[in-house]
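Hello,

Here is the structure I promised to pass on to you. Have a look at it first, and then read on for what turned up.

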Amino acid sequence: MNQELEREVNQLHAEFCAGLADPKRILIIYALSEGPLNVGELAESLHLSQPAVSRHLKVLRERGMVIGSRFGPSVEYRIGDPRLIEALDLLRAALRDHLSHRAELAEAFIEER
């Protein structure tokens with residue numbers, strides 16, 4: 001792969017991952033994994049303000065993580081790609097294993113004292 005293309009792909013990858021950098025956006029994605037919701041429904045279920053949810057949805061939309069469909073005056077959002085949930089679940093499993101390993105290290109350190 002030429003360097004320019006590789007740099008561009010890496011930049012896109014970083015921007016995509018940045019969409020997951022806020023815990024509230026992850027909560028929105030998991031909420032939408034259960035089915036389509038509009039901004040008001042998301043705000044209510046996540047105990048967030050509608051403007052905050054709208055801002056987070058904009059970031060997720062720009063990265064293709066969610067898709068909005070207009071139904072009359074309302075826009076209903078859904079996950080852009082179901083593999084996103086699988087990826088988040090894999091990341092959580094890796095985090096769990098990492099935390100478990102750190103706990104084991106801390107326990108071993110305490111036992112050494």
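Helices here are DSSP runs of H or I of at least four residues, and strands are runs of E of at least two, both numbered from the N terminus. The model is a predicted one, in which local features need pLDDT of at least 70 and side-chain atom pairs count only at pLDDT 80 or more, while totals for chains, interfaces and linings use all residues. Residues are numbered from 1 along each chain as its sequence is written, and side-chain values use heavy atoms, with hydrogens and water left out.

Let me start with Leu-88, which sits in helix H5. Leu-88 has a relative accessible area of 5%, so it counts as buried (under 20% relative accessible area; exposed is over 50% and partly exposed is in between, with a 1.4 Å probe and protein chains only). Contact means heavy atoms within 4.5 Å. Setting aside neighbours within four places in sequence, Leu-88 is in contact with Leu-20, Ile-26, Ile-29 and Tyr-30. Leu-88 and Ile-26 are 62 residues apart along the chain, yet their C-alpha atoms are separated by 8.3 Å.

H5 gives the most, with five residues. The volume of the largest pocket is about 170 Å³. A pocket is found on a 1 Å grid over the protein atoms alone, as an open set of points with protein on both sides within 12 Å along at least five of seven lines, whereas a cavity is a set where a 1.4 Å probe fits but cannot get out; lining residues have an atom within 4 Å of a point. Grid points are joined across faces, edges and corners, and the volume is the space filled by probe spheres set on the points. By class, the lining has eight nonpolar, one polar and two charged residues. Ala, Val, Leu, Ile, Met, Phe, Trp, Tyr, Cys and Pro count as nonpolar, Asp, Glu, Lys and Arg as charged, and the others, Gly among them, as polar.

Next comes a pair of helices. The axes of helix H2 (residues 23–32) and H4 come within 10 Å and cross at roughly 80°; axes are lines fitted to C-alpha atoms, for helices over the stretch in contact, and angles run from 0 to 180 degrees between N-to-C directions. H2 is therefore roughly perpendicular to H4 (65 to 115 degrees; under 35 is roughly parallel, over 145 roughly antiparallel and the rest oblique). Lys-24, Arg-25, Ile-28, Ile-29 and Leu-32 of H2 make the contact with Val-53, His-56, Leu-57, Val-59 and Leu-60 of H4. These residues divide into seven nonpolar, one polar and two charged.

Two residues of that contact are worth a look. Ile-28, in helix H2, is buried at a relative accessible area of 0%. Not counting residues up to four places away in sequence, Ile-28 touches Leu-42, Leu-46, Val-53, His-56, Leu-57 and Leu-60. His-56 belongs to helix H4 (residues 50–62) and is buried too, with a relative accessible area of 11%. Leaving aside neighbours within four places in sequence, the contacts of His-56 are Asp-22, Lys-24, Arg-25 and Ile-28.

Finally, there is another histidine, His-47, in the loop between helix H3 (39–46) and H4. His-47 is exposed, at 71% relative accessibility. Its phi is near 55°, a positive value in a residue other than glycine. Most residues other than glycine have a negative phi.

Best wishes
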